[in-house]
Amino acid sequence: MTSSTCGFEHACVCSVTIARKTDMMSHLKRHVNKGETEASYSGSSDVPCEEPAPSGQPYEIMKELGTNVQLLPNHTTPQKSDTYFNRKMKTNRQLVFCSLAVLAEERNPLECLDAFGATGIMGLQWAKHLRTAVKVTITDISDTCVKMIKENCQLNHIRWRGPRGPDGAGGEVEGTPIALVEVAKMDANVIMHLRPFDFIHLDPFGTAVNYLDAAFRNVRNLGIISVTSTDTGSLYAKSPNVTLRHYGCNLVRTEYYRELAARMVVAAVARAAARCNKGIEVLLAVAVEHFVLVVVRVLRGPTQADESAKKLRKLVHCQWCEERVFLKLGNMVDNTLPCNCHGSLPGKTAVQLGPLWSGPLFNTGFLRKMLLAAVKYSMDDIQPLVKTLICESECTTLKSLVHGPSALTNQVECGVVIKTLQSGEEAGPDQSGKRKSGGEESGSVLKKLKSDASLEHPPFYYSIHRHSIRGMNMPKLNRFLQYLTDAGFRVSRTHFDPTGVRTDASLEKFKSVLTKYSVPTYTNATAAETSVSSEKTE
């Protein structure tokens, strides 16, 4: 059959046919959850459905931390769904919940805002577990999200009401409601400008820099703002031009890129606070694969704003050996690195990064209380992470942690034996039970900041694999930590990198200890050959 008598005919293994089939299969996979095909949605996630979806409604009901939420079939695609829900952010939601639980123990009731509700799961968890200690407000700009939040309120027996005012209608639930939640269709910037809050959580899709000014405008003194950033492309230096646009920061890819991202977000938060004559105390900074979470306490006053602004500094980074040092405050620019790469190699090896936050990223006392809250509400998933953060906050491998009412036990966490004390041994000197006034609280926080200045953890960390020596077998990481401790340095593991070591040792000292306790790869083979030859001679 010739081409002149008939059209073009595809063979069964034609590359064009295979490509078309692949495109068609990917098209079906993209649209199968939108109700555009006959295939029904199957919940193939790791979280089982609590109850079957009602007939005629394309909803999946998911349960997390005792809270049920309805999800649309395309909830995993933010570009195609208003009610976006990410199951991988469970750790983020639990960390934010523990932060709010700690603040609720300090003072209550609290005015809390979940500025980007989506399904409303975060605000509903606050209301369901903390009850009268919090007054929760959930907002979203989407009509679909607001409708979904109201339905989820009824699903969890939580009564909802509209925004404050004469038109603030509400909804009823069957039986006795366990809590009251305010649901409003409003832009996040608008509601934060209109009303004061004690606790604000920002979790937009992408960067949160567009909402920081409004968040600090009306937040109350000693309140808490938590910021979740998911624009990992700009945070992790994959798109330097976007990083410069959003954060006004110069970044390059380094071995400690996750901590760079956390310090860059804190720097953006500190600048926004300073514009409102407020300072910050960083309580928690976590950077993992999917998000960067920063939790700060707000300190009112120009003095606190100035103190926070002084901690924004440039970082000098060597692109050859990855040594790094913060520039000191002053008019004279001192960009001398401890390494000798600039003298032994041709060209420029150092670059200036930042400005970044140069202060501590953790508050040990706050993290201890978060661990208690995680135990109280049975959040087993984040307890190892919080324990690692406590060790990292004081740069130590052995830490006495208060872990509920259990007896004295030894727990192995990230390769380190952690002693756990009884709750009765935690009692402090103040047993009066009286609540301090706002001025006394603010003064005590400032005194604590000054007294803990000498206990700050060293900035950044070194990766033991990045600085390993070719042809040498490194010691095990936990054993290497002990070697550094014996050498007189402060050391700890870090949650930013499973192979990272946070220490106050310089890179030169770090490499010298690593070299001292590394053995050649051929040592074992040589020893075996020696033993075999000795046996033959005998």
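## Overall picture

Of the protein's 538 residues, 47% count as buried, meaning under 20% relative accessible area, with exposed set at over 50% and partly exposed in between (1.4 Å probe, protein chains only). This is a predicted model, in which local features need pLDDT of at least 70 and side-chain atom pairs count only at pLDDT 80 or more, while totals for chains, interfaces and linings use all residues. Residues are numbered from 1 along each chain as its sequence is written, and side-chain values use heavy atoms, leaving out hydrogens and water.

The protein has 17 helices and 21 strands; these are DSSP runs (H or I of at least four residues for helices, E of at least two for strands), numbered from the N terminus. Among contacts (heavy atoms within 4.5 Å) between residues at least 6 apart in sequence, 63% join residues at least 24 apart.

## Helices α12 and α13

Let's turn to a helix pair. Helix α12 (residues 364–376) packs against helix α13 (residues 383–393) at an angle of about 165°, and their axes lie 9 Å apart. Axes here are lines fitted to C-alpha atoms, for helices over the stretch in contact, and angles run from 0 to 180 degrees between N-to-C directions. That angle makes α12 roughly antiparallel to α13, a label for angles over 145 degrees.

On the α12 side, Thr364, Leu367, Arg368, Leu371, Ala374 and Val375 meet Gln383, Val386, Lys387, Leu389, Ile390 and Ser393 of α13. By class, this contact has 7 nonpolar, 3 polar and 2 charged residues (Ala, Val, Leu, Ile, Met, Phe, Trp, Tyr, Cys and Pro are nonpolar; Asp, Glu, Lys and Arg are charged; the others, Gly among them, are polar). In α13, 10 of the 11 residues are buried, so this helix is largely enclosed by the rest of the structure. After α13 comes Cys395, with a positive phi near 50°.

Helix α16 (residues 507–516) buries Leu507, Phe510, Val513 and Leu514. Seen down the axis of α16, these buried residues fall within an arc of 130°, so they line one face of the helix; the arc is that of the directions from the helix axis to the C-beta atoms.

The cover over these residues includes β17 (462–463), α15 (477–486) and β20 (500–503). On the face turned away from the buried side, α16 carries the exposed residues Glu508 and Lys516.

## Ser229 in strand β8

Ser229 sits in strand β8 (residues 219–229) and is buried, with a relative accessible area of 1%. Not counting residues up to four places away in sequence, Ser229 touches Gly206, Ala208, Leu235, Tyr247, Val265, Phe291 and Val292.

Conventions. Angles under 35 degrees count as roughly parallel, over 145 as roughly antiparallel, 65 to 115 as roughly perpendicular and the rest as oblique.
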